[in-house]
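Take a look at the sequence and the structure first, then read on.

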Amino acid sequence: MTHDDARAFLEEMHRKRGYTLEMHRVMASADFDWLKKYTAFIEATYINQRLLDRKTKELLQIVVETALRADVEQIRAHIRIALNEGATPREVLEALETVIAPMGALAFRRGLQAWTAETGVAPDAHQSPDNAH
């Protein structure tokens, strides 16, 4: 494996997934063979079209990563892809709301932070508790 092989592989991964993670870049250098096998698995279960379309898979990914308290940036990447795949901001929010009970309010708040940052929706300043009448 050459540096150019790893770089080309990561570029193709980004094109197919819509993102790459630090883990992918590390493994491209540390164990390129493992990364190729892992990527084949991810493509078979997550990227490639089967019965579920990519939008649905992204909504699932968003709620699972939110429930597991993934980094906000990682959740944002999946929200971005879901939006690009035709999900509306409201659909993403509803997916997060649907799983609030099993995943807990703290995890929901992390997902909501990612959703707000990615969609640009922000609370109205005049409705803060400090300004309530």
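Which residues have the most contacts inside the largest nonpolar core? They are Leu59, Ile62, Ile75, Ile79, Val92, Leu96 and Trp115, and the core has 17 residues.

## What you're looking at

This is a predicted model, where local features need pLDDT of at least 70 and side-chain atom pairs count only at pLDDT 80 or more, while totals for chains, interfaces and linings use all residues. Residues are numbered from 1 along each chain as its sequence is written, and side-chain values use heavy atoms, with hydrogens and water left out.

The score pLDDT is the predictor's confidence in each residue, from 0 to 100. The protein averages 88, and 92% of the residues score at least 70. Helix α6 has the highest confidence, at 95, while helix α7 (residues 100–103) has the lowest, at a mean of 82. A word of caution: where pLDDT is low, the predicted coordinates should not be read in detail.

## The overall layout

The protein has 8 helices and 0 strands. (Helices are DSSP runs of H or I with at least four residues, strands are runs of E with at least two, and they're numbered from the N terminus.) Put the C-alpha atoms in a box along the principal axes, and you get roughly 65 × 30 × 25 Å.

Of the 133 residues, 32% count as buried. Buried means under 20% relative accessible area, exposed means over 50%, and partly exposed is in between, using a 1.4 Å probe and protein chains only. A contact means heavy atoms within 4.5 Å. Among contacts with a separation of 6 or more, 55% come from residues 24 or more positions apart.

## Inside the largest core

Back to that core. A nonpolar core is a set of buried Ala, Val, Leu, Ile, Met, Phe, Trp, Tyr and Cys residues joined through side-chain atoms within 4.5 Å. The elements giving two or more residues to the largest one are α4, α5, α6 (89–98) and α8 (105–119). Ile79 sits in helix α5 and counts as buried because its relative accessibility is 0%. Leaving out residues up to four places away in sequence, Ile79 touches Ile62, Val92, Gly111, Ala114, Trp115 and Glu118. Ile79 and Trp115 are 36 residues apart in sequence, but their C-alpha atoms are 6.9 Å apart in space.

Val92 belongs to helix α6, and with 1% relative accessibility Val92 is buried. Beyond four places in sequence, the contacts of Val92 are Leu59, Ile62, Ile79, Ala82, Leu83, Ala87 and Trp115.

Ser29, in helix α2, is exposed because its relative accessible area is 62%.

Is Thr39 buried or exposed? Thr39 counts as buried, because its relative accessibility is 4%. Thr39 is part of helix α3 and touches Phe9, Met13 and Arg17, not counting residues up to four places away in sequence.

## The largest pocket

On a 1 Å grid over the protein atoms alone, a pocket is an open set of points where a 1.4 Å probe fits, with protein on both sides within 12 Å along at least five of seven lines; lining residues have an atom within 4 Å of a point. Grid points are joined across faces, edges and corners, and a volume is the space filled by probe spheres set on the points. The largest pocket holds about 220 Å³ of space. Of its 15 lining residues, the closest to the centre are Tyr19, Ile42, Tyr46, Gln61 and Glu65.

Helices α2 (22–30), α3 (32–47), α4 (54–67) and α5 (72–84) each supply at least two residues of the lining. The lining divides into 7 nonpolar, 5 polar and 3 charged residues. Here Ala, Val, Leu, Ile, Met, Phe, Trp, Tyr, Cys and Pro count as nonpolar, Asp, Glu, Lys and Arg as charged, and the others, Gly among them, as polar.
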